[in-house]
Amino acid sequence: MSLLVVGLSHRSAPVSVLERASLSADSQAKLLQDTLAAEPAAEAAVLATCNRIELYADVDKFHAGVAELSTLLAQHSGVGLDELTPYLYVHYEDRAVHHLFSVACGLDSMVVGEGQILGQIKDALALGQVLHTAGRLLNDLFQQALRVGKRAHSETGIDRAGQSLVTFGLEQLADGRDPVAWAKGKRALVIGAGSMSSLAAATLARTGVAEIVVANRTRARADRLVEILGQAGGTGVAAHAVEMAAVSDELTRADVVVSCTGATGLVLSAEAVAGALGLDPAPAYEAPAVPVAGPPVEPDEQHAAWVENGSATATAQARAVRRIPAQSTGPVRLALLDLAMPRDIDGGAARLDGVRLVDIESLAEASADAPMAADVDQVRSIVADEVAAFGAAQRAAHITPTVVALRTMAAGVVAGEIARLDGRLPDLDEKQRAEISQTVRRVVDKLLHAPTVRVKQLASEPGGAGYADALRELFDLDPQTVAAVSRADLNDPNRGRS
C-alpha cells in the first residue's frame, strides 16, 4: 500500500484561501481524471467539502506523488502553487489512513463530532466509482472509513461533543439565547436545495420557525424539498418554494436567511440586503490578505517539512489571518447564515445596522475554543485500533493472490499425477481411482496448510510485504498467474460498492 493524501482544510488554511480553492463538481471530475493520467498515481479520490479539499491517491513514488498531486490541486483550484503550498498537508500510508478515519469520525471537523461528513465521504467514493478512478485500495479505504465513522457514532457519545454545522450556526445567530426561543415565530428563507440547505430547512423546522421559503435555481428541487418538509410530520411549519428571481422580495419579509448554493459568485450582495431593509449600502467587504510565508522553498523540501512538522507553521498562519467581519450593533432585524464555500453572502452585510451575519469563517473562530467531550478520547482509541486492523488486512490481502496461485499450481500437479497414474494403472476401478485421488489431495493440502496460514500471519505484520516475494521465488510461481488472480479479485462486481 502506498496511500498518499495531499490537502488543505480549515485547520491549515484561512477561509479566504479555502474559498478560492473550492472545486465545482466538474472540476472534481476533471481533477480525478488528470490525477489518474499522471504517472505516479494508480487510483484517485477527492474529498471536497465546505472546509476541506483532499486528494487521495495510490502512488508508486512518494516525492513524485506529492509534487504531482500538489500541482494538480493548484491547477484545478485556480490558486497558484506558490500561494497554495504553505497551507497544504501531506499524510502517507498509515498516517493517511489515520487521517481519513479521524475525518470520518468527525474528529477533524470544524464542529467536532458532526456526522454530515459521512455523507460527503460516501459521495467522494461514489464519484471515484462512477469515474473508475477508485480501485482496490481506495474502495477498501473509503468503505472502511464509513464503517469506522458509523461505529464511532454508535459506540460513543461523540454526537454530544458537537452538532451539525447548521445547528452550530443557528446557535451563533441566537447569540447566547436558547435557539428554540429565538427562532419561534420567525420567517426563514433558505437559498439552495442541496444536502446542506435541506439539512438547514429541516433543522429550522425542528427549531420552531413559523414559515420556511425555499429558493433554488432549479425550481423542481425546491418543490421537492418543500414536499419533504411537509412530510416531516409534527413540525407544523408552513413551507413553499419560489424562483430565485423572487429572493429580493422574500428578503424584505424574512427574519432569518440560510444560504448554501454551489454558485461561484455572491448570491446576496450587501447592497441587496441593504435595499431589503431600506438602508444605505455598506462599504464593500474585503477578505483579509494572506501573508507570504518567507522565501520560496523547493517543493520537495517543503513536502518533507510538512511530513515532519504536521503543517504547524501553516496552521499558525491560518489562525493569524482569520478575521470576522465587524458586526453591527443594536437590535437584529435580519439574521444571515452563510454555509457556502465560496461564500454566498457579501461579508459587508455584517456592517449594516440590524444585520447579524454568521459564515464559515466566523464559525471557525467560534468553534476553535469549543469544549470537547470525554468521548473524543474513546473515538481516538477506536481510530487507532481500526488503523492497525486496516493495515494488517491490506498487508494480508497483498499475499492472497500469491497463496491462491500456489494452491492452483499444486492442484495442477495433483491433476497431472492422477492422469499419469491412469496411464500406468488403467485397470483401476472408479472407487480405487477416487480414493487415490482424494489421498493425494489430502497430502498436498496438509503440506501446504501450515506454511500458507503462517505466511498470511507474517504478511499481516509491519514489514511483512516481502513474504509474498519470497513465496513466489521459493515455489517458482508464474508472475502472470499471480497477476491474473489479482485482476480477477479487483474486477469482482460485488467489490467496493457503497
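Analyst: Start with how an angle between helices is taken. Axes are lines fitted to C-alpha atoms over the stretch in contact, and angles run from 0 to 180 degrees between N-to-C directions. The model here is predicted. In it, helix H5 (residues 94-104) packs on helix H17 (residues 375-424) at about 130 degrees, with the axes 9 Å apart.

User: Why is H5 called oblique to H17?

Analyst: Set the angle against the classes. Roughly perpendicular covers 65 to 115 degrees, and roughly antiparallel needs over 145. The angle here is about 130 degrees. That makes H5 oblique to H17. As for handedness, H5 passes H17 in a right-handed crossing.

User: Which residues of H5 and H17 meet?

Analyst: From H5 come Asp-94, Val-97, His-98, Phe-101 and Ser-102. From H17 come Val-383, Glu-386, Val-387, Phe-390 and Arg-395. By kind, the residues of this contact divide into five nonpolar, two polar and three charged.

User: How many aromatic pairs are there?

Analyst: The count comes to three aromatic pairs. Tyr-56 and Phe-142 form one of them, with 5.4 Å from centre to centre and 80 degrees between the planes.

User: What makes the pair of Tyr-56 and Phe-142 edge-to-face?

Analyst: Two values decide. Ring centres must lie within 6.5 Å to pair, and planes over 60 degrees apart count as edge-to-face. At 5.4 Å, Tyr-56 and Phe-142 pair, and at 80 degrees they are edge-to-face. Tyr-56 sits in strand S3 (residues 52-59) and Phe-142 in helix H7 (residues 136-155), 86 residues apart, which links distant parts of the chain. Both Tyr-56 and Phe-142 are buried.

User: How do you know that Phe-101 and Phe-390 form an edge-to-face pair?

Analyst: The same cut-offs apply: centres within 6.5 Å, planes over 60 degrees apart. For Phe-101 and Phe-390, the centres are 5.9 Å apart and the planes stand at 80 degrees, so the pair is edge-to-face. Phe-101 lies in helix H5 and Phe-390 in helix H17, so the pair ties together parts 289 residues apart in sequence.

User: Why are Phe-101 and Phe-390 called buried?

Analyst: Buried means under 20% relative accessible area. Phe-101 has 0% relative accessibility, so it counts as buried. Phe-390 has a relative accessible area of 6%, so it is buried as well.

User: How do you know that His-99 is buried?

Analyst: His-99 is in helix H5. Its relative accessible area is 9%, so it is buried. Leaving aside neighbours within four places in sequence, His-99 is in contact with Arg-52, Glu-54, Tyr-56, Tyr-89, His-91 and Asp-108.

User: What makes Val-79 count as buried?

Analyst: Val-79 has 1% relative accessibility, so it counts as buried. Its place is the loop between helix H3 (62-77) and helix H4 (81-84). Beyond residues up to four places away, Val-79 touches Arg-20, Ala-21, Ala-74 and Leu-84. Val-17 is 62 residues from Val-79 along the chain, yet their C-alpha atoms are separated by 8.0 Å.

User: Why does Val-90 count as buried?

Analyst: Val-90 is at 2% relative accessibility, so it counts as buried. Val-90 belongs to strand S4 (residues 89-92).

User: How many helices and strands are there in the protein?

Analyst: The protein has 20 helices and ten strands. Of its 498 residues, 48% count as buried. Among contacts between residues at least 6 apart in sequence, 76% join residues at least 24 apart.

Methods
Residues are numbered from 1 along each chain as its sequence is written. This is a predicted model: local features need pLDDT of at least 70, side-chain atom pairs count only at pLDDT 80 or more; totals for chains, interfaces and linings use all residues. Side-chain values use heavy atoms; hydrogens and water are left out. Helices (H or I, at least four residues) and strands (E, at least two) are DSSP runs, numbered from the N terminus. Angles under 35 degrees count as roughly parallel, over 145 as roughly antiparallel, 65 to 115 as roughly perpendicular and the rest as oblique. A crossing is left-handed if the near helix is turned anticlockwise from the far one by less than a right angle, and right-handed if clockwise. Contact means heavy atoms within 4.5 Å. Ala, Val, Leu, Ile, Met, Phe, Trp, Tyr, Cys and Pro count as nonpolar, Asp, Glu, Lys and Arg as charged, and the others, Gly among them, as polar. Buried means under 20% relative accessible area, exposed over 50%, partly exposed in between (1.4 Å probe, protein chains only). Rings of Phe, Tyr and Trp (its six-membered ring) pair if their centres lie within 6.5 Å; planes under 30 degrees apart count as stacked, over 60 as edge-to-face and the rest as tilted.
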